[in-house]
Amino acid sequence: MKKLFFVVFLLSGTGLMAQKKQPSESALQRAQKKEERREKINQLIKQEEEGALIFNKQNAFSINLNTDGWGLKFEKGKYKTITSTNLMWLEFGERKHPKEERIPTLSSSGGFILISNYIYGKQNNFYYLNLGFGQQKLIGGKGNKNGIAVSAIYGGGITAGLLKPYYLEVQNQQTGLREEIKYDGTNEALFLDPSAILGKGGLFKGFGEMKFVPGGHAKVALRFDYGRYNELLSAIEVGVNASFYSQKMPIILLNKEKNFFFNAYAAFTFGRRK
């Protein structure tokens with residue numbers, strides 16, 4: 001009886017081990033998809049080596065971190081050859097002055113304590129809208145399915161500088177009431193008086209008074225594409241921008257105004273190829 005029990009136990013244990021060793025259906029599906037993906041990439045590389053265009057166009061979005069602010073960009077690309085792509089982009093962002101300093105404030109109104117902050121001496125928020133055209137040239141990484149494709153990007157176009165008056169909330173010395181003011185050339189003493197400033201104005205205050213200043217821009221960059229043989233575009237871009245406006249741009253009072261701006265940037269780019 002003991003021998004029979006031992007044989008049954010041994011056979012059941014062997015069966016369980018055999019079941020554990022068998023791959024699950026989901027694992028088989030993942031392995032199959034991985035193999036199909038590998039084969040597809042090999043086919044794309046082969047087509048490219050034979051001189052064929054493997055994609056026709058691309059659409060991408062970028063988040064730019066600039067040395068003087070931030071930007072959001074939409075880009076369209078049309079592949080002309082294996083190594084050359086025509087680009088068009090539209091970018092919106094904000095430039096900040098290097099001497100901007102946020103000052104915290106504490107005030108009361110209607111029995112409530114209000115905490116705010118403002119940028120001392122700021123006259124205008126400086127936004128920009130760039131429309132540009134250029135090219136992307138592949139300079140490294142051709143035929144490397146696991147590596148990073150490196151491309152040079154260059155181009156330029158027109159730009160719109162958008163100046164939005166910066167409003168402050170101040171305590172009216174005569175009436176004692178709170179009011180929002182902008183710099184108008186006659187109220188510099190009040191606009192720069194920290195003891196009278198309660199905080200910054202409303203978030204959307206001044207958008208209806210925005211001033212347009214035309215100009216032009218140019219850029220050069222390197223793009224590191226780590227998803228080259230993939231319908232999904234994933235890349236990091238680093239480069240420099242130069243912009244020139246038709247007039248000097250007033251941002252911070254008591255500081256020199258200029259109409260030429262130069263910055264460096266890093267961009268995180270994601271999109272899709274077709």
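A charge is said to sit over a ring if NZ of Lys or CZ of Arg is within 6 Å of the ring centre and within 35 degrees of the ring normal. In this predicted model, Lys164 meets that description: Lys164 lies over the face of Phe207, at 5.2 Å from the ring centre.

Together with Trp70, Phe92, Tyr127 and Phe204, Phe207 forms one aromatic cluster. To read such a group, take the rings two at a time. A pair of aromatic rings is described by the distance of the centres and the angle of the planes.

How many aromatic pairs does a search of the whole structure find? The search gives 9. One of these is the pair of Trp70 and Phe92, with 6.0 Å from centre to centre and 70° between the planes. The pair counts as edge-to-face because planes over 60 degrees apart are put in that class. Where in the chain do Trp70 and Phe92 lie? Trp70 is in strand E2 (residues 69–79) and Phe92 is in strand E3 (residues 84–95), so the pair links parts of the chain that are 22 residues apart. Trp70 has 30% relative accessibility and therefore counts as partly exposed. Phe92, at 33% relative accessibility, is partly exposed as well.

Another edge-to-face pair is formed by Phe126 and Tyr245, with 5.4 Å between the centres and 70° between the planes. Phe126 is in strand E6 (residues 124–140), and Tyr245 is in strand E12 (residues 232–249). These two residues are 119 residues apart, and the pair links distant parts of the chain.

The last stop is Arg273, which is found in strand E13 (residues 258–273). Arg273 counts as buried because its relative accessibility is 3%. What lies 3.5 Å from a polar atom of the Arg273 side chain? It is the backbone oxygen of Leu232. Leu233 can be compared with Arg273 in two ways: the two residues are 40 residues apart in sequence, but 6.5 Å apart in space, C-alpha to C-alpha.

Terms used: Residues are numbered from 1 along each chain as its sequence is written. This is a predicted model: local features need pLDDT of at least 70, side-chain atom pairs count only at pLDDT 80 or more; totals for chains, interfaces and linings use all residues. Side-chain values use heavy atoms; hydrogens and water are left out. Rings of Phe, Tyr and Trp (its six-membered ring) pair if their centres lie within 6.5 Å; planes under 30 degrees apart count as stacked, over 60 as edge-to-face and the rest as tilted. Helices (H or I, at least four residues) and strands (E, at least two) are DSSP runs, numbered from the N terminus. Buried means under 20% relative accessible area, exposed over 50%, partly exposed in between (1.4 Å probe, protein chains only). A polar contact is a pair of N or O atoms within 3.5 Å; within protein, one must be able to donate a hydrogen and the other to accept it, and residues adjacent in sequence count only if both atoms are side-chain atoms.
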